[in-house]
Amino acid sequence: MEGTDPVNKKLAAAVSGGAVLVLALSGCSSDDDGNKELDAWAKQVCDALPAQDAKVDAANNAIKQAATDNNAPANVQKTDSQAFQDMSDAYGALAQAVQKAGPPPGVDDGGKKQKDAVAALTTLSTSYAGLKKQVDALDTKDQAKFADGLQNIATDLGSLSKSGNTALKNLEQGDVKNAMAGQASCKRVAASASARATTS
């Protein structure tokens, strides 16, 4: 009955590789007086981040917790399914927040950058919903098949985690980065991201 344990660990390892939001903001400080309109835009986006970042982090932790030794396949399936749903919801909410904020004012190609960020976040949301469907379809009664299925999901999750880190980075350039870095809510997320990076 040990067939799924190494694979569970692989799933946990894939999760610890990413899905941390606004990594680009770590270590930034905003010292300019800035553009009031851009600051207001940044506040709208940043204020949406802490709740979704916490949701993604909790989902990651749940997947890692489910990867403990001798956890029954049915338990792993249930936990992972909920975690992927939560991640899908979080990225979907972020896409809506960026969409609602509109293009960052006074920024070159602001409209394109905003549209690209919304598309990237929406794709992530859809991809995590896809992983939920995959894990829901696994046969928990057949240990070997379940392990194979988890192996495929771990591979997909690894690449998704990396794209999670880049989804907002193109938006976070120059003045936008400075404006976001000056927001208390973005500073909180950047600080928790840094703390996770040092403990993982």
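Among contacts (heavy atoms within 4.5 Å) between residues of the protein chain at least 6 apart in sequence, 85% join residues at least 24 apart. This is a predicted model, in which local features need pLDDT of at least 70, side-chain atom pairs count only at pLDDT 80 or more, and totals for chains, interfaces and linings use all residues. Residues are numbered from 1 along each chain as its sequence is written, and side-chain values use heavy atoms, with hydrogens and water left out.

View 1. Helices (H or I, at least four residues) and strands (E, at least two) are DSSP runs, numbered from the N terminus. The chain has 200 residues, and 46% of them count as buried. Buried means under 20% relative accessible area, exposed over 50%, and partly exposed in between, with a 1.4 Å probe and protein chains only.

**View 2. Helix H2 bends at Pro50.** H2 covers residues 36–66, 31 residues in total. From first C-alpha to last it reaches 46 Å, close to the 45 Å expected at 1.5 Å a residue. That expected span is 1.5 Å times one less than the number of residues. The bend at Pro50 is about 30 degrees, taken as the angle between axes fitted to the seven residues ending there and the seven starting there. At the start of H2, a side-chain oxygen of Asn35 comes within 2.8 Å of the backbone nitrogen of Glu37.

**View 3. Gln52 sits in helix H2.** Gln52 counts as buried because its relative accessibility is 14%. Leu94 is 42 residues away along the chain from Gln52, yet their C-alpha atoms are separated by 7.2 Å.

**View 4. The largest nonpolar core holds 42 residues.** Such a core is a set of buried Ala, Val, Leu, Ile, Met, Phe, Trp, Tyr and Cys residues joined through side-chain atoms within 4.5 Å. Trp41, Phe84, Val98, Tyr128 and Met180 have the most contacts inside it. H2, H3 (73–101), H4 (110–136), H5 (143–166), H6 (174–181) and H7 (184–199) each give two or more residues to this core. H3 gives the largest share, ten residues.

**View 5. Phe84 and its contacts.** Beyond its neighbours within four places in sequence, Phe84 is in contact with Ile63, Tyr128, Leu131, Lys132, Val135, Ile153 and Leu157.

**View 6. Gln183 lies in the loop between H6 and H7.** Gln183 counts as buried because its relative accessibility is 13%. Leaving out residues up to four places away in sequence, Gln183 touches Asp39, Ala42, Lys43 and Cys46.

Conventions
A polar contact is a pair of N or O atoms within 3.5 Å; within protein, one must be able to donate a hydrogen and the other to accept it, and residues adjacent in sequence count only if both atoms are side-chain atoms.
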